[in-house]
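Okay, everyone, thanks for coming. Let me put the structure up, and then I'll walk you through a couple of pieces of it.

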Amino acid sequence: MAAIKNPDEFQAIVTRYWSRLFCYIRRMSYFSQEDIEDILQEVFIKIYRYLNDYDTEMTFSTWVYQITRNATIDEIRKRKARPSTIWLEDEDLVKVLKSSLNMEKEYVNADSLEKIKDIIVNLPDKYKEVLMLRFIEEKSYEEIMDIVQLPKGTIASLVNRGRKIILTEAKNKKII
Amino acid sequence: MEKNPAQKIIEKIKQEKIVPESKIFLNWKNYLFWFIWMTTLFLGAIFFSFIILNLLDIHPSVIRQLGLGRIFFILARTAPYLWIVLAILAGVSGFLAIKKTKRGYRYSILFITSIGVLIISMLGAFLHLAKINRHMGEGKMFNRPMSRGIAFPVEKRWQDPQEGLLGGKIIKIDEEFFNLRGFDNEVWEVRYSNETEFKIRKMEENIMVAIIGEKIGEHIFKASLVLPPPFDRKPDRR
């Protein structure tokens, strides 16, 4: 990446990651489209400025996610407004639920979807974040470790505990 | 026609003449925290070597002679608390420094603590074996009575004739007693007999000894066990 000598060469990176990071920020923050675009602009400028800081100990994608996460959290702190809800497509909800519970069932009805959303929205942030990275962004434990900057063991236990909470709540709400 | 986001970003980079920062500029903090980590561990090792120096005088025969209960009491009274606190502080600072490095988050508390304790204790033991702690102890900084008492309670431990502990340098040997100059520069007559157990190689003048026994009079001490000293420090000359 350090081989980029001309800003024009950087355009390919922006194009490649824009949509993914847009969705990632939206899930984390529930900011408006304009706000997310502003954050992303700052993120990519930071990535460009810090290109020499990237090392091969992690994938470039993980590094990009790490910078994006930090920038989003900074923005949330600046506004002193932790989102009370999160932006999740139905498909994402089902993904989280199925992956968390190892469910085989293909069909989830609309009523269940609302309940699932309730469960996920009410999860403590620390679980919500790692579960989304694991099951929606489909990141490995190593990648999540670098994105949220916590030891791998902590990530594994957060994922496990988050899954258990979802399982208990899903049973209580009779989704499974 | 409206530009796409990528084009807008590239334009901004060009307009504001933003360039990738150099690796050294981006990493100076990281290098600084690694340096702080190494420094704190080294300091921790020095403090640990002082702890060893202050504790290693507990010869097995001392335990036999004094009994475990009394040993614990004496140790609690004269433990090297200063060095214990400083070694812990150095370890904690090292832990915080490594957590602040670029990849510090990857290491668990258990891993960093274990590595820190291992390095401090191994390096501390090496400094002790190389007698670096003793040389440092002889330095000017520790030669004031006040600071010496806090830094080297091991010597204070052997200045307690009431408790049966006396240490210092043999200055004159007689048939049934020898004169000893203690760390507080007071001269003692130390009486010995066939019942006195000697753990030193040879009794001669100008050697340092630690004695367990009983105070039987004004500056008169009856020795029951004579040990090699835990310290090489010479008592101050008047």
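Before I start, one term: we say that two strands pair if DSSP finds at least two bridges between them. Also keep in mind that this is a predicted model.

So, strands in chain B. β3(B), residues 177-182, is joined to β4(B) by five bridges, and the two run antiparallel. One of the residues to look for is B:Phe178, whose bridge partner in β4(B) is B:Val190. β3(B) and β4(B) make a hairpin with four residues between them. In that turn, B:Asn185 has a positive phi of about 75 degrees.

Now, which strand pairs with β4(B) in the parallel sense? That's β7(B), residues 220-227, over three bridges. Here B:Val190 turns up again, with B:Phe221 as its bridge partner in β7(B).

What about the faces of β4(B), residues 187-191? B:Trp188 and B:Val190 are on the covered face, while B:Val187, B:Glu189 and B:Arg191 are on the uncovered one.

Okay, over to a helix. α5(B) covers residues 81-99, so to speak, 19 residues in total. From first C-alpha to last, α5(B) reaches 27 Å, close to the 27 Å expected at 1.5 Å a residue. Its buried residues are B:Trp83, B:Ala87, B:Ala90, B:Gly91, B:Gly94, B:Ala97 and B:Ile98. Why are they on the same side of α5(B)? Because they cover an arc of only 125 degrees around the axis. And these buried residues pack against α2 (23-55) and α6 (109-129) of chain B.

Conventions: Residues are numbered from 1 along each chain as its sequence is written. Chains are lettered from A and ligands numbered from 1 in the order in which they are written. This is a predicted model: local features need pLDDT of at least 70, side-chain atom pairs count only at pLDDT 80 or more; totals for chains, interfaces and linings use all residues. The expected span of a helix is 1.5 Å times one less than its number of residues. A residue is buried if 20 or more other C-beta atoms lie within 10 Å of its own, exposed if 12 or fewer, and partly exposed in between; C-beta atoms are placed from the backbone. The arc is that of the directions from the helix axis to the C-beta atoms. Two residues are in contact if their C-beta atoms, placed from the backbone, lie within 7 Å.
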